[in-house]
Amino acid sequence: MGSHMMQITTALFAITYLVAASIITYTLFSRFAWRDRVSWVLIGVGFMLIALALQVVVQAVPFLVLILTHIRNVLINASSAAGAVLGFVRSNIYLASIYMGLVAGASQEIFRYLAVRDREPRSTLYIGYGFALVDVAFTIMSVVLPLLIPTPINPALITPQ
């Protein structure tokens with residue numbers, strides 16, 4: 001089985017799992033506990049989208065500072081920005097990972113708290129479900145998009161027949 005076929009198979013399994021889990025959760029909610037609480041789910045979705053937007057901006061700050069410190073090189077050669085960022089990440093992979101994780105956790109948890117603060121306790125399950133739906137959507141996109149973006153073929157790997 002080729003590498004691309006393996007990626008497609010893995011993507012299909014991941015998507016099937018995520019969609020099935022979402023449908024099962026929705027079915028359980030609608031069967032046992034939903035009772036017109038769609039607005040709470042939408043509150044969760046909205047707060048999660050705001051958290052992700054803020055997270056992306058804050059996570060980009062160190063890389064923006066890095067690019068601005070090398071602005072002369074970037075203006076001369078735009079690809080040097082990517083090289084500077086990749087070099088920084090490679091040499092500081094642990095610090096970059098810790099920073100990204102802390103920002104992601106902090107922004108999502110702060111907005112999760114703001115979403116449920118001063119609401120009745122029953123709403124928290126639905127608001128959390130809204131947060132989870134956004135996570136599922138982004139996970140599906142992260143699995144599917146690499147399959148849709150063509151990868152360049154290395155001519156050295158092609159052998160004439």
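Student: What hand is the crossing of α2 and α6?

Tutor: The crossing of α2 and α6 is right-handed. Bear in mind that this is a predicted model.

Student: Which residues make that contact?

Tutor: On the α2 side they are W40, V41, I43, G44, V45, F47, M48, L49 and L52. From α6 come S123, Y126, I127, Y129, G130, F131, L133, V134, D135 and F138.

Student: How do the residues of the contact of α2 with α6 divide?

Tutor: There are 15 nonpolar, three polar and one charged.

Student: And at what angle do α2 and α6 pack?

Tutor: About 50 degrees, with the axes 7 Å apart. α2 covers residues 38-69, and α6 covers residues 123-148. That angle makes α2 oblique to α6.

Student: Staying with α6, what should its 26 residues span?

Tutor: At 1.5 Å a residue they should span 38 Å. The end C-alpha atoms of α6 are 38 Å apart, so the two values agree.

Student: Which residues of α6 are buried?

Tutor: S123, Y126, I127, Y129, G130, F131, V134 and V136.

Student: OK, α5 now. Where is it, and what should it span?

Tutor: Helix α5 is residues 93-116, and its 24 residues should span 34 Å at 1.5 Å a residue. Its end C-alpha atoms are 34 Å apart, which agrees.

Student: What do the buried residues of α5 pack against?

Tutor: They pack against α2 and α6. The buried residues themselves are A96, V103, A104, S107, Q108, F111 and A115.

Student: How are α2 and α5 set, parallel or antiparallel?

Tutor: Their packing angle is about 150 degrees, with the axes 9 Å apart. α2 and α5 are therefore roughly antiparallel to each other. Their crossing is right-handed.

Student: Which residues make the contact there?

Tutor: α2 gives I43, F47, M48, I50, A51, L52, L54, Q55, V58, Q59, P62 and F63. α5 gives Y99, M100, V103, A104, S107, Q108, F111, L114 and A115. The residues of this contact of α2 with α5 divide into 17 nonpolar, four polar and no charged.

Student: What comes just after α5?

Tutor: D118, which takes a positive phi of about 60 degrees.

Student: Different spot. Which helix is G83 in?

Tutor: Helix α4, residues 79-91. G83 counts as partly exposed, because its relative accessibility is 45%.

Student: How far is G83 from I67?

Tutor: They are 16 residues apart in sequence and 10.0 Å apart in space, C-alpha to C-alpha.

Technical notes:
Residues are numbered from 1 along each chain as its sequence is written. This is a predicted model: local features need pLDDT of at least 70, side-chain atom pairs count only at pLDDT 80 or more; totals for chains, interfaces and linings use all residues. Side-chain values use heavy atoms; hydrogens and water are left out. Axes are lines fitted to C-alpha atoms, for helices over the stretch in contact, and angles run from 0 to 180 degrees between N-to-C directions. Helices (H or I, at least four residues) and strands (E, at least two) are DSSP runs, numbered from the N terminus. Angles under 35 degrees count as roughly parallel, over 145 as roughly antiparallel, 65 to 115 as roughly perpendicular and the rest as oblique. A crossing is left-handed if the near helix is turned anticlockwise from the far one by less than a right angle, and right-handed if clockwise. Contact means heavy atoms within 4.5 Å. Ala, Val, Leu, Ile, Met, Phe, Trp, Tyr, Cys and Pro count as nonpolar, Asp, Glu, Lys and Arg as charged, and the others, Gly among them, as polar. The expected span of a helix is 1.5 Å times one less than its number of residues. Buried means under 20% relative accessible area, exposed over 50%, partly exposed in between (1.4 Å probe, protein chains only).
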